[in-house]
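Subject: Structure handover

Hello,

Here is the structure for you to look at. Please open it first, then read the notes below.

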Amino acid sequence: MRIGKFLAILISHVNSTILFFIGELQRRIPKKITALQARRIIFWIVVSLIALILLQAFLKADLVSPPATPIFEDRSGAFLSEGASEYQSLGFWDIQGEIPPRIKASVLIIEDKRFYSHMGIDYWALGRAFVSNLFSQDRQGASTIPMQVARLQNPGDRNIINKANEMLIGFFLLLRHGHENVLRHYMKIAPQGHQAHGFAYGARRFFRKPLVDVNWAEAALLASLPKSPSTMNVFNYWGFQRAQARARVILRLLFTAHKISREEYQIALRQLGEMHFQLREQRPDNAYHYIFRAIQEYREKPKTEITRPVRTTLDSDLQEYLSSLAANSIMSLRQLGAGNVSMIVAKRDTGEVVGYVGSAQYFDESFAGAINYAATPRSSGSTVKPFLYALGLESGVYNPGSIIPDLPFSIIGPNGEYSLGNFDEEYLGPMLYRRALANSRNIPTVRVLEQIGLDRSYDYFREMGLVTDDKPAGYYGYGLPVGGLYVTLEDLVSAYGILANDGREFHLSWFPDEKKNDTLPRRRMSEYAAREVTLFLSDTLARLPSFKRLEALEFQFPVAIKTGTSQGFRDAWAIAYSDSWIVGAWMGHPENRAMNHISGSVVAYLVQDIMNTIHPKERRGVDIVPFKIPEGTVPVRVCIFSGKRAGPDCSAVSIEYFPEGTEPYDLCPVHRRFAVDARTGELADEHTLPRQIESRLFTVLPPEYASWGATHGFAKPVVDTSEEPLAEVKLVFPMEGTRLLLDPETPRQFQSISLRCEVMPYVPEVIWYVDGQAYAKVGYPYEARWTLQEGEHAFQVRFPKANVRSNVITVRVGSY
């Protein structure tokens, strides 16, 4: 009744419109025209309008869709995420090959039974809908699949005009593309709920299988969803009930139409009833940062046709363990000022990231859990030192037998004096190259930097991927290898991957199917330097005395490990690698606050826990793979005090690997035996009776270690006159150009500096001169203290009974 009334009103309006145009034409055109002529003009106008409408429908009759979007899975095929950007419609996967018969039958039986027998308009369905809507409150549509394609591609309000437009476009769709292509396109763009479109996508998303493998129950459920995708949320109980009811209708229609047998029908009904217990929207809540990083990397990959889910490298079981470890560890250390933690576990050979924790808890607003700390630059602490030592070896400036002084260190530069100390505020004296790195000493590291050169070291760090900004090397200065450089945990794991792979290029990988070149990765570091540094970092004994035995840095299988702590305990790092895995961890506070003595050694316990977990066989002593010895090298037992070939009296030795032809042949000159007069302790001479002569072992350190040796229990050196040493005295501190300021709040008598010098050979005493006047006569190790006095002052050291003196240096003392 309502439609009949509407049609009468429409005809009346059309007739009135025609009469109006005729009157307007007769009134506006100066020359009088007849009614017949006016009707002809109106006729051609109408014909033109109809042609325009047909042309518009023809032009819209194309098969278009948004680009396909991915589904991300972990390495075992479990669902992780979908889509590659926010607020994006999902799906739109093409069906590969022939349309699977089950989904084809299910769709056609419910959406368009006579699809192959019409050209876009099903007149039987149109008549049925007209009668039903005329006499019933139950509204019915008559949209065919081509019409639905037209509506999905050109959405709008549902009314008579749009319906007519859909009919025209549907007709032209079939005319231009044929039935099979239109059906295939419908199955690509049909809504499935959850912003998802397409049956191939829906099969993967809901059932974790390709469309060709869905059974009759699953096919019926997918075919039911386009009816009302917003109210048929299959992950919701009531939404699933609605979809299930419509799927039962589809199965009954299939059975009635003899598309399925009675047995298939009953099996499908049973499977449909059990299906809700299998449909769960399982989005892992412990891998958000990994998912975002994987999506970021996916966007940068060359685009290919999406026909299946994108498999990532994540191991969900390992990720669960890492997340639990991160949450438990950070909760126990919050009372000491720790705010958050990040971890990365990657395969050594491929770089596949199997575990990735960006923060302890993503939704923890109080400690900024949404920030991905694995990709946030923080102060590197000591973690970049191995690369400086590798450059020292690679450049030939140093070798495994080099000795670096761990003594008080100051430099006068353009911006004033730069002084450096070690983390434990101690000095270890002469340090073998291996031990200097393994003990993570700051002062030897800066001495290495000084010898190699800042610019050269900075460029090398950039080559390792540790420098990512455009700042000049001078911006970092001598702080470059001891915390001045800011890096991310990803940067460090990638750089350590170069060490772990014998100096070859290494990148973190997020997708296992990434094509690898048959050729070896580009070399970033010499194999010799990479293997040497690996041996240094895996040597438990070389870490003594800075790091104790049987603690976080020691493993039951070969592991190279390095820790780092930034100034004020603001960042704590630990990076380790074995023959199979690379593990990195960071801990700190989101606001860069200082923690209460949480150092890299604390974070190393996390890395140790992870390493032991992912090496179950190695922990039991099975399948242990040692680190490789550098090729083309020869092993030499060297003394750790001299770096020379160890003699019979050297009590502390180390096996070092030298490139063939560079190995040392001279015996250690530090541990030496002298004939001593037992009565005086001095060297025996021609006046010493034979029975009073004793052979005693002395540690003869170079003059620069005099103060250190005296405070560490080493006897004062003896002089072997047979060697006729060249006498020399050098002033060590203060240095030329030193500028000092008096503190107005500290009494003057408590403001002083240490005067230090190097004397060669040993003499009983020296005299310090200040401003040309004798200030203090001191014995071995020749140190004195001078109380600060305002003004400019000159310092010199002299032998008391010989014309041997140091250079004169000038120091200025001012006040605030």
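Start with Glu73. Glu73 sits in strand E1, residues 71-73. Helices (H or I, at least four residues) and strands (E, at least two) are DSSP runs, numbered from the N terminus. Glu73 has a relative accessible area of 6%, so it counts as buried. Buried here means under 20% relative accessible area, exposed means over 50%, and partly exposed lies in between (1.4 Å probe, protein chains only). Leaving aside neighbours within four places in sequence, Glu73 is in contact with Ala78, Leu80, Arg208, Pro309, Val310, Arg311 and Thr312. Contact means heavy atoms within 4.5 Å.

A word on the ground rules. This is a predicted model, in which local features need pLDDT of at least 70 and side-chain atom pairs count only at pLDDT 80 or more, while totals for chains, interfaces and linings use all residues. Residues are numbered from 1 along each chain as its sequence is written, and side-chain values use heavy atoms, with hydrogens and water left out.

The whole chain

The protein chain has 21 helices and 29 strands. Of its 816 residues, 49% count as buried. Take the contacts between residues at least 6 apart in sequence: 67% of them join residues at least 24 apart. The chain exposes about 40,800 Å², and carbon and sulfur atoms supply 53% of that. Those areas come from the Shrake-Rupley method with a 1.4 Å probe; for residues, only the protein chains shown count as cover.

A five-stranded sheet

Five strands form an open, antiparallel sheet in the order E8-E7-E17-E16-E15. Its edge strands are E8 (353-357) and E15 (560-565), each pairing on one side only. On average, neighbouring strands of this sheet are turned by 5° against each other, direction ignored. Two strands pair if DSSP finds at least two bridges between them. Strand E7 (residues 340-347) and strand E17 (residues 581-588) pair over eight bridges, in the antiparallel sense. Within that pairing, Met343 has Ala585 in E17 as its bridge partner.

Helix H18 (residues 527-537) lies across E15 and strand E16 (571-577). H18 runs at about 75° to E15. For such angles, axes are lines fitted to C-alpha atoms, for helices over the stretch in contact, and angles run from 0 to 180 degrees between N-to-C directions.

A covered helix

How many residues of helix H13 are buried? Nine of its 11 residues are, so look for H13 (residues 385-395) among the mostly covered elements, given that buried means under 20% relative accessible area. Among them are Lys385, Phe387, Tyr389 and Leu393. Just after H13, Gly396 takes a positive phi of about 85°.

Salt bridges

The structure holds 33 salt bridges. A salt bridge is a side-chain nitrogen of Lys or Arg within 4 Å of a carboxyl oxygen of Asp or Glu.

Glu490 forms one with Arg293, and the closest N and O atoms are 2.8 Å apart. This pair links distant parts of the chain: Glu490 is in helix H17 (residues 489-500), Arg293 is in helix H11 (residues 288-300), and they are 197 residues apart. Glu490 counts as buried at 10% relative accessibility. Arg293 also counts as buried, at 10%.

Asp502 pairs with Arg531 in another salt bridge, with the closest N and O atoms 3.0 Å apart. Asp502 lies in the loop between H17 and H18, and Arg531 lies in H18, so the pair ties together parts that are 29 residues apart in sequence. Both residues, Asp502 and Arg531, are buried.

Glu758 and Lys730 also meet through their side chains, at 3.6 Å from N to O. Glu758 is buried at 18% relative accessible area, whereas Lys730 is partly exposed at 42%.

There is also a network of salt bridges, linking Glu463, Glu505, Arg522 and Arg524.

Cysteines

How many disulfides does the structure hold? It holds zero. A disulfide is a pair of cysteine sulfur atoms within 2.5 Å. Cys650 is in no disulfide; the nearest cysteine sulfur, that of Cys668, is 3.6 Å away. Cys650 counts as buried at 10% relative accessibility. Cys757 is buried too, with a relative accessible area of 4%.

Best wishes
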